[in-house]
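Here's a quick tour of the structure you're about to see. Keep it open while you read, and look up each spot as it comes along.

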Amino acid sequence: MKLWFKIFISTLFLVIAMINVTVAVILTNNRSLMISRERSRAVSSHEFICATLKNNVAYERLRADQFVMSKGDIDDIVKNTILKQFAEDDITIIYDEKGELTRIGSDSVNPSELLDKIKSKNDIYSLINDFNGKSYIFAASEIILEENEYYVITSQDITEIYTEGARQLRFAQMISVFLACITAVILLIMIKLFLRPLNEINKSINEISNGNYSKRLKIRGSEELRGLSENINIMAGSIEENYKKIKGVADERKRFIDSLAHEIKTPLTSILGFADILRIKKNISPEEISEYSGIIVEEAKRLRTLSGKLMELISSGNGSLELRPVNTENLLGDLKIAFMPIVQAKGIELMVECESLIINADEDIFKSLICNILDNAVKASGEGGKIYLSCKRDGDYAVFSVKDSGIGISEEDRKHIFEAFYMADKSRSRKQGGAGLGLALCAEIAKKHNARITLESTLGKGTEVQVLIKTAEAGNNEAE
Amino acid sequence: MIKLLIAEDDENIRRMLEVTVSIGGYEFDTCGDGLEATEKIKHNNYDLVLLDIMLPGCSGFEVVKKINTEKTPVIFLTALQDVTDKVRGLKLGAEDYIVKPFEPVELLARIEVILRRRNKHKTVFIYGDITVDVAKHTVKKNDRDITLTPKEFELFVYFLKNIDIALTRERLLSVVWGYDFTGETRTVDAHVQQIRKKLEIQNSLITVPKLGYRLENKE
């Protein structure tokens with residue numbers, strides 16, 4: 001059930017009940033007031049009848065100038081008085097000791113119980129009783145006329161009071177239903193107005209959940225709704241942020257896989273093609289065989305390099321590093337020994353300058369970072385080129401620098417240089433057996449070591465790559 | 001003579017394409033750049049272009065947009081395997097789409113199909129004293145009519161188109177009997193036997209051990 005409907009129904013019933021209770025209390029009060037008024041009126045009219053009877057009897061005795069009147073005469077006077085003077089009264093019944101003497105009004109009224117009550121009492125007794133669907137108020141008393149006992153019972157019809165009460169109650173009930181309806185309608189409109197922001201919030205949430213993550217709610221309405229809107233906005237914000245993050249990761253992964261597929265398929269095409277040609281072609285000259293098989297070997301080597309680098313990238317990305325203090329002098333010394341044969345063969349001069357610093361690093365993996373950069377420098381340099389490898393302290397950092405005088409990198413290429421499989425010059429890179437993964441690998445290793453790689457280059461003049469890593473000393477101080 | 005343009009930036013693949021195309025008996029030009037390819041296509045009258053998609057300069061898609069594919073049919077060569085890329089390439093007007101890596105013979109077959117579609121293929125083959133007219137569906141040996149069943153005829157024509165190339169039984173099955181034919185390779189053997197007997201070419205339609213068959217050049 002909807003909230004507005006619940007509020008509507010419960011208000012409707014509550015208002016009806018409240019009005020009815022109030023009306024019932026007021027009406028009951030009112031009626032008891034009217035009844036007591038009627039009762040006193042009945043008593044006074046009863047007294048009046050009694051007094052009249054006494055007067056008439058006395059008057060007749062004086063007029064007849066008798067000392068004592070016979071009971072028969074008194075009976076006559078009483079009968080005449082009642083019939084003549086009180087014919088309009090509702091019911092009047094006079095009893096003497098022997099029984100009923102005279103009666104006006106309905107025959108069915110027989111308040112014999114009253115008669116018993118007044119015989120034992122001296123006062124006027126009153127009682128409300130129902131006969132034949134009508135309500136009466138009875139007043140009864142004993143009077144002595146010339147030493148004869150009479151019992152007078154008078155009654156008033158008060159049915160009117162009851163029927164009037166019932167009529168008023170019905171009227172009040174009708175009014176209450178009517179008022180309740182009006183109240184409910186007004187309330188309904190108000191509820192709808194108050195809940196309208198809630199509908200808007202609902203609509204906006206739907207929109208957000210359907211993928212419009214940049215949607216934000218307007219902050220308005222009552223305080224509770226404002227609070228709700230604000231919180232929903234905060235939620236939508238974090239959803240959007242996470243969505244972007246995940247999408248970024250997914251896009252990057254897709255790019256990586258696409259590039260990987262391309263890099264694998266390219267050498268495979270040559271290998272499959274030439275292998276098949278060797279198989280199906282008739283009359284192949286020895287020169288052709290050596291050319292084709294040469295290409296197959298070359299491309300297979302390319303695949304081998306690719307898989308090797310890929311494994312390195314994966315293992316550097318997954319494995320946890322074993323950080324140990326490493327002396328930079330030893331590190332660069334090892335690298336110099338490893339690279340000497342290569343640079344000498346290419347006629348490149350390699351100069352190494354190093355301060356003795358201690359850094360926290362996984363020695364083998366960090367070495368492969370510098371090694372990759374150095375490898376790039378060698379590839380970029382031609383015969384007679386110079387490569388300058390150094391390590392210096394700069395504040396808290398140890399700065400490794402690899403500077404070459406090679407071909408340099410264009411500004412456009414610098415933007416993509418750390419992306420996997422990006423090659424500034426594909427054909428040159430392939431000739432040198434590159435897989436396009438070197439710097440992506442470097443970036444990954446640097447990230448693991450909390451190191452930073454910066455790159456400066458001028459096309460045609462050379463490139464300087466710097467790796468900044470905190471010295472062990474600075475790192476330890478920070479940890480403390 | 002039929003002339004093709006090979007536009008491929010990877011040197012080794014380009015060389016492989018050159019060798020493949022020359023096996024098929026076509027002439028060719030080569031280039032490794034999208035812009036250069038566009039210029040060459042505009043100024044030469046190539047019968048077909050083998051176009052790599054990821055070309056430096058401008059991509060294969062761009063090249064296709066700039067040229068008249070009605071005049072020059074294009075086969076895309078690409079490492080991309082995405083269906084949307086394939087659809088895009090074909091929508092731009094390419095005739096076919098080959099995903100790397102592929103077998104050279106398959107490339108030749110596709111080239112064949114397109115050239116035939118463009119009426120640029122031979123309809124009459126002469127092999128020694130045998131003359132085959134594809135359009136009339138007749139085979140003559142020394143002006144004497146030879147009756148071949150439809151499958152034998154198709155098979156023999158395929159051999160004629162691939163003279164001196166060893167053809168595997170699987171390839172013959174897929175070309176002559178259809179790609180979805182899953183019959184045994186022995187079917188091929190039976191038909192080859194029939195062709196040899198009817199045309200008396202036991203010595204030139206030879207068996208290549210562990211591979212298939214080859215129709216040798218007569219000269």
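What percentage of the 219 residues of chain B count as buried? It's 35%. Before going further, keep in mind that this is a predicted model. Chain A has 480 residues, and 24% of them count as buried. The points below start with the two chains, then look at where they touch, and then zoom in on particular pieces.

**The two chains in outline**

- Chain A contains 12 helices and 12 strands.
- Chain B has eight helices and 12 strands.
- Take the contacts in chain A between residues at least 6 apart in sequence: 67% of them join residues at least 24 apart.
- In chain B, residues 24 or more positions apart make up 52% of the contacts with a separation of 6 or more.

**Where the chains touch**

- Chain A puts 21 residues into the contact, and chain B puts in 20 residues.
- On the chain A side, the elements giving two or more residues are helix H5 (223-280), helix H6 (286-318) and helix H10 (426-431).
- H5(A) supplies the largest share of that side, with 14 residues.
- Sorted by class, the side of chain A that touches chain B has eight charged, seven nonpolar and six polar residues.

**A spot in helix H5 of chain A**

- A:Ala236 sits in helix H5 of chain A.
- Is A:Ala236 buried or exposed? A:Ala236 has 21 C-beta neighbours inside 10 Å, so it counts as buried.
- If you skip the neighbours within four places in sequence, A:Ala236 is in contact with A:Ile208, A:Tyr213, A:Lys215 and A:Arg216.
- For one of these, A:Lys215, the C-alpha atom is 7.7 Å from that of A:Ala236, although the two residues are 21 apart along the chain.

**The five-stranded sheet in chain A**

- Five strands of chain A make an open sheet with mixed pairing, and their order is S7-S9-S10-S12-S11.
- Why do strand S7 (349-354) and strand S11 (452-458) of chain A each have one side without a neighbour in the sheet? Both stand at the edges with a single partner strand each, so one side of each is left without a neighbour there.
- From one strand to the next, the twist averages 15°.
- S7(A) pairs with strand S9 (residues 386-394) of chain A in the parallel sense, over six bridges.
- Look for A:Val352, whose bridge partner in S9(A) is A:Leu389.
- Helix H7 (residues 328-346) of chain A lies across S7, S9 and strand S10 (397-404) of chain A, and H7(A) runs at about 175° to S7(A).
- Helix H8 (residues 363-380) of chain A also packs on the sheet, where it touches S9, S10 and strand S12 (462-470) of chain A. The direction of H8(A) makes about 20° with that of S10(A).

**A closer look at helix H7 of chain A**

- H7(A) has 19 residues and reaches 26 Å from its first C-alpha to its last, close to the 27 Å expected at 1.5 Å a residue.
- Where is the kink in H7(A)? A kink of about 45° lies at A:Phe339, shortly before the proline A:Pro341.
- A:Phe339 is also one of the buried residues of H7(A), along with A:Thr328, A:Leu331 and A:Leu332.
- These buried residues pack against strand S6 (324-327), S7, strand S8 (358-361), H8, S9 and S10 of chain A.
- After H7(A) comes A:Gly347, which has a positive phi near 70°.

- Strand S4 (residues 74-78) of chain B is mostly covered, with five of its five residues buried.
- Both faces of S4(B) are covered: B:Val74, B:Phe76 and B:Thr78 are buried on one side, and B:Ile75 and B:Leu77 are buried on the other.
- Strand S3 (residues 48-52) of chain B runs parallel to S4(B), and four bridges join them.
- Across that pairing, B:Leu50 stands opposite B:Ile75.
- B:Thr147 lies in the loop between strand S9 (144-146) and helix H6 (150-161) of chain B.
- B:Thr147 counts as exposed because it has 9 C-beta neighbours inside 10 Å.
- B:Thr147 and B:Ile195 are 48 residues apart in sequence, and their C-alpha atoms are 10.0 Å apart in space.

Notes:
Residues are numbered from 1 along each chain as its sequence is written. Chains are lettered from A and ligands numbered from 1 in the order in which they are written. This is a predicted model: local features need pLDDT of at least 70, side-chain atom pairs count only at pLDDT 80 or more; totals for chains, interfaces and linings use all residues. Two residues are in contact if their C-beta atoms, placed from the backbone, lie within 7 Å. Ala, Val, Leu, Ile, Met, Phe, Trp, Tyr, Cys and Pro count as nonpolar, Asp, Glu, Lys and Arg as charged, and the others, Gly among them, as polar. A residue is buried if 20 or more other C-beta atoms lie within 10 Å of its own, exposed if 12 or fewer, and partly exposed in between; C-beta atoms are placed from the backbone. Two strands pair if DSSP finds at least two bridges between them. Axes are lines fitted to C-alpha atoms, for helices over the stretch in contact, and angles run from 0 to 180 degrees between N-to-C directions. The expected span of a helix is 1.5 Å times one less than its number of residues. The bend at a residue is the angle between axes fitted to the seven residues ending there and the seven starting there.
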